Amino acid sequence: MKIDVIGDVHGCYKELNQLIGKLGYLLENGSYIHPKQRRLVFLGDITDRGPDSLKTIELVYKLVHQDNIADYVPGNHCNKLYRYFLGNNVQIRHGLETTVEELEAYSAREQDLIRAKFIQLYEQAELYLQIKPLNAVVAHAGIKTEYIGKSDKKVRTFVFYGDITGEKLADGRPVRLDWAKHYNGDTWIIYGHTPVLEPRFINKTVNIDLGCVFGNKLAAFQLPEENIVTVASQQPYVEEKFTSYT
């Protein structure tokens, strides 16, 4: 089994297509294939903030549910969009407003189609993906060893948001503890959620959210090779969005 785990896309559709091509996936007779039978895995937050969230939904849906060449797990932005599509009272900010603006330019029929696709994508996804042949777990914001195999409220919060304390930074972002620094398992944990300038490898974990939507790169982590493949972002660079660790 060979996989390519793609970090937070956030509507960066052009960069996603470039990365899929760079990874060797081909479009033949309307369907994507890989000549070496590799498989894509999306680790969540495929929408919001970027320029083409709806095209990204269409592509990921096709790869997962039509071509059967990809898997997808949701992130916190995916969860919020899902609740919006269900008609729940969610705040249209922190990136969701860009996706809603795209939706409002669609016809009612087109909106219904994209809503149905995303709801199917979300509802049929696992909270996180255990890939036992490769001794790996893909979880949007990470996961602790003792949470693997569980899916209660505490685990859901961790997978979507990381090891949050409930406190806020001066800019409004949540305070997150550095769970990866204390991870001592022997299973690969592949995650994103927190933008970093370069892939962060520590204790058999890797953060591959390289902040494409903030002007850096879109990344994929390959197993079993343990390679990183990237493409450059076409978005404006926003330095303050990136986290550095000491």
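The protein exposes about 11700 Å², of which carbon and sulfur atoms supply 47%. The model is predicted. Of its 246 residues, 50% count as buried.

**Overall form**
- The protein contains six helices and 14 strands.
- Along the principal axes, the C-alpha atoms fill a box of roughly 50 × 45 × 35 Å.

**Charged side chains**
- There are 29 positive and 31 negative side chains, and the centres of the two sets lie 3 Å apart.
- Side chains of opposite charge can pair when their charged atoms come close.
- The structure holds nine salt bridges.

**Selected salt bridges**
- Glu225 and Arg38 form a salt bridge with an N to O distance of 2.8 Å.
- Glu225 lies in the loop between β13 and β14, and Arg38 in the loop between β3 and β4, so this pair ties together parts that are 187 residues apart in sequence.
- Glu225 is partly exposed, at 32% relative accessible area, whereas Arg38 is buried, at 7%.
- Asp4, Arg38 and Glu225 are linked in a network of salt bridges.
- Asp71 and Arg39 also meet in a salt bridge, at 2.7 Å from N to O.
- Asp71 belongs to strand β5 and Arg39 to strand β4, so the pair ties together parts 32 residues apart in sequence.
- Lys62 and Asp67 form a salt bridge at 3.3 Å, N to O, and both residues are buried.

Terms used:
Residues numbered from 1 in each chain as written. Predicted model: local features only at pLDDT ≥ 70, side-chain atom pairs only at ≥ 80, totals over all residues. Heavy atoms only, no water. Helix = DSSP H or I, 4+ residues; strand = E, 2+ residues; numbered from the N terminus. Buried < 20%, exposed > 50% of the residue type's maximum accessible area, 1.4 Å probe, protein only. Areas by Shrake-Rupley, 256 points an atom, 1.4 Å probe, with all protein chains shown as cover. Lys, Arg positive; Asp, Glu negative; His and termini not counted. Charge placed at Lys NZ, Arg CZ, Asp CG, Glu CD. Salt bridge = Lys/Arg side-chain N within 4 Å of Asp/Glu carboxyl O.
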